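Please take the sequence and the structure together, and follow the contacts between chains before turning to the fold within one of them.

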Amino acid sequence: MSTTSASPPIVGAHESAIRVRLRRMGETAGRVLSNPTTLGGLVIILLMVGMALLAPWLVEPNTPNASQMPRDWGAIAVPPGSPGHPLGTTNTGGDVLYGVIWGARTSLRLSLIVVSVTVAIGVAVGSLAGFRGGRIDEVLMRIVDVFLSIPELIFALAIAAVLGPSFRNIILALAIVFWVKYARIMRAQVLHVKQNDYVDSSRVIGDSNWNIFRKDVLPNSITPVVVQATLDMGNIVLVGATLSFIGLAEAGLAEWGVLVSEGQAGISGGRWWASTFPGLMVFLWALAFNLLGDGIRDVLDPKTETR
Amino acid sequence: MTATTDQRTVLAVRDLKKHFPIKDGALQRVVGQVRAVDGVSFDLQRGETLGLVGESGCGKTTLGRVLAGLEKPTSGGVYFDLSESQRVELDRALRAGQGEDLARLEASHRVDRLDGTNWRRFRRNTQMVFQDSFSSLNPRHLVSDIVGRPLRVYKEASGSALTERVVGLLEQVGLGRQHLYRYPHQFSGGQRQRISIARALALDPELVILDEPTSALDVSVQAQILNLLHELQQSRGFTFLFITHDLSVVRHMADRIAVMYLGRIAESGETTELFNEPIHPYTEALLRANPDLTADDEGFRGLEGTVPDPARPPQGCRFHTRCEYATPDCGWEIDDVVLQLEDTPALFDKLAGVERRSPFDADLEFSDSDAAAGLATALQSEDVPASMRAAIEHVSVGAQKVSIKFREVNEVLLTPRGNDRLAACVLDALPKRY
Amino acid sequence: MTAPATNPPKTTAPVVASVRDLRVHFKSKGGIVHAVDGVDFDVRDGETLGLVGETGCGKSVTARSFLRLVPMPPGIPVSGSIIFRPRQRCSSCDGAGCPTCAGTGRVVSPCPVCAGSGCDTCEQSGAETIDLLTIPERELRSIRGNRIAMIFQDPGKALNPALSIRKQVAEVFYAHRSDELLVSAGIDPGSGSMPTTLLRRRATQQSRTLESVLLSLPPLRSGRTAISEAADDRVATALAETQIPNPRAVMDRYPHELSGGMKQRVMIAMALACDPDLLIADEPTTALDVTVQARIIELIKELQQRHKTAVVYISHDLSLVRKVADRTAVMYAGRIVEVGDSEQIFHEPEHPYTRGLIDAIPGAHHERGRLAAIEGTVPELIDPEPSCRFAGRCDYAASVCWTHDPTLGPVRDREVACFIHHPPEHGEAPSFDRTVR
């Protein structure tokens, strides 16, 4: 006796597992991108990431240090459209276009490093706490609580100030502050997923704890982490720019926050370009990742997941 | 069901208890225990279907989980795969107390003490089907992953050989090759249960524990699944432990039944006999409350009262607080007086404290003497069940205090009633047929 | 105390609600789902009508349509009407019961258009006739909880966990019986004086912040307290009627402190508080243990007898409905396939689906492994063609079953929608003698 399933038409049996899995991933991606704002966000991201990766070919890298702003002492504070400086220069002769493009590179580096590190640590700690429970959970969560009791920005500020002003230290400070968020998220998800019968089923089958974690718990817990990581790619840059804006990064760095800070003084004199263009970049970067993150969340959130 | 000399006992459960601690306060101290399973013993013979019946809070799901190895017992033992002679030896050794014989049997058969190879053997041979077909299948896995998982874990097959075995299993449960590469959400509830069953059978286990496998399904789909389970048992000789609250289903599927109430077995025996002539009042109440089982011209009735707190089970017989046939020997105690008081706000509001010398003997202090006198009068009136009145050995009224002493009785245990039947009741039989 | 056996036939009682060709569809990704597709039935005063079917048959959507509780979107109200003929208190006996109202204490409200003589609006019945699907929201609100009440499957989800029992049950009285509350508090609801207006607004829970402040001042405070006490009395009475022990203590508790059975009793108390003409019970005992279920059923039947309320009882459990309902309608795939006396349907089902359903229930006579399983699954109901929806699973289906919609037609004492009983003029008709499987 064979029963018909209520599913889409049954395809031939020579369909392979891989093709089915790929097709599902493609469908999910399609759903994410069917939303115009999400798609817009992705396009902006691709453009900016492209700009970051192709930076050395878009503008001549500065010597000796490409991440320092090149100074053209003959063209101080010239407006956009000036020869050789399409977006103008700062009041120290730094090419704003260079700052915009290399700033993207710096931002990409910042967000990738911080997000990777924080996700890795946070997921590990949160999984351990949620999966093992008991003492380990209590100890780890108390540590997390301590971290969470300090406002992120202040904490990052304090660390960066103590360690000394440098962009590397900003990265470090942000990593130290932001991992707890993922630990919390992951732990909550693991605790929730553990309640499902399929986890018990794997235990009854006799699979090892590590396999159960890897195959049953992790894949079903990771979605909110992915969403948060996407959002954080944008927000980290925002926070980083804030920190460098208030002076915690090296002066003269080709980074958006530094540029906004340096160009501030000129605004009252009508020289808007030195702050505005980098500021716009920060805005666009954060906006784009937020749009993408929201789009992913709308699709992958269990409440809206189709059965 | 008579045991022959080569009859194997798949599970021998001996005085099994599973308690969960109740923590309270900032320091999370343990203030009590939820006695989910509180002394259960039975044998499960190879090839039979034992039905485990009860309502919510009776402990049947917890019992199922302990037997499946998902939880460790608090005390008592579950012994796996004993021959007839081993089972006899086990009971003898348990009676004699801890000793070499017992230790030897425990090392090789007691589920929570098994070592490597023996544990693997138990694990492979004891599988489970869960109630919720949606949460028992990993939504990110394909059917081929789900059903093939047991085979992968024990490295029984891989690659195309694995796929073929999975297809074979799917066909056994009425699905097919075309379902291999689908996700669980693409199937109906009945089909998902079939997938669950196929997974449980993958390793050809001795024992399958089914925890409410059809409770979430429509009647017509349930019929399909029950037919399938029977067919599989006929052809492959599985032993089933069938946990359910649905009496019509259990009557249909089980050879023997055990009725659970508040952590213990109230009655057990062969299915048809138990249904035709229940001995325990709770069994009778269950039968009477079930619309399928009451004859056409009868109405059906429910049960008064609520299930007592599993952290404080009643004395004597746990069912005495709700039983319509209760006798003075059923375990009437001070808690019953307090329960009655809760329904009389006039007196209850004046209750200042209860000093217990034992569960049967206590002083109740009131804030005024009228209330104390009121209680004493009430205890001798019709407001209180006759059997409870008769169980009072001594009442004395002080200024604002009432001292009460009830007859002390022991826990009512399961006793044999002939024909493989066991019942935990002081009565020999029920006064009237339902 | 045993629940009464089959009640005497109530087929002559006046109709209190009438569902006519109800169609409710839903927008979905795959198309339009025809969840309810042409449902007709009557509910008579004082009877219990069971609505039985398996998952997806449309019984819940039908039930919720009475009070327009189906979310639209994704629901699409397609066509059909639900006619309601409310009752009012019998003026001769003021609700106590007399020959005029045949002891029920209620008489049919006369039609406002023709004052009871008969006109088109009331379909010549003389009774006030309302189409629940089209009346304005304001009017429907005064009917909900008042003339038509509903109880749901999971009492845990139907009660607000943040409000005490007292507050929740009192809401019913504040919403529909505010004048009575004022009278009990010694306030004349008709008076236009400022204090009375403020108190009346309090009784209908419309007080604004300033008003609440004024009400807490001494001259008005006693009035406010009197209203609260009047409400409390009614709440306690309502709870006591559902056999909740110690109602005054329970009133102060919160839903999570009560057992499932108790919560269901609270819901029943809320539903019957205003003595409704019609009670819709959507699987009220499915989430409860069987011994608790039996008591709740006993309670519903008892209250129904006392209040003379008509009840529509929805369930997937055919054996239960048989014990509870006078008449039963069996639904499948958005349509009613059979309707008639409950016992008779159980004993001699006429529709192949009903037969299959009854035979699938494990009974003493069934050999193990031989439960009658209905092959296949429910069809998808997306943009369906005209046909009998059961044809794909029926043992007797013939060619006409695949091309035409069967309609309910009389068969002895009931109605059945099947071509076996009502063969078409042309085409091959199915028959019980000819199995196709």
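Between chain C and chain B, 38 residues of chain C are in contact with 35 residues of chain B, where contact means that the C-beta atoms of two residues, placed from the backbone, lie within 7 Å. The model is a predicted one, in which local features need pLDDT of at least 70 and side-chain atom pairs count only at pLDDT 80 or more, while totals for chains, interfaces and linings use all residues. Residues are numbered from 1 along each chain as its sequence is written, and chains are lettered from A and ligands numbered from 1 in the order in which they are written.

On the side of chain C that touches chain B, the elements giving two or more residues are α9 (247-251), α11 (290-307), α12 (318-324) and α14 (352-360) of chain C; helices are DSSP runs of H or I with at least four residues, strands are runs of E with at least two, and both are numbered from the N terminus. The largest share of this side, seven residues, comes from α11(C).

Within chain C, strand β1 (residues 15-28) runs antiparallel to strand β2 (residues 31-44) and is joined to it by ten bridges, two strands being paired if DSSP finds at least two bridges between them. A hairpin of two residues links β1(C) to β2(C), and Ala17(C) has Val43(C) in β2(C) as its bridge partner.

The domain assignment, whose bounds come from an automatic or database source, divides chain C into domain 1 (15-158 + 275-335) and domain 2 (165-241). The C-alpha centres of these domains of chain C lie 30 Å apart.
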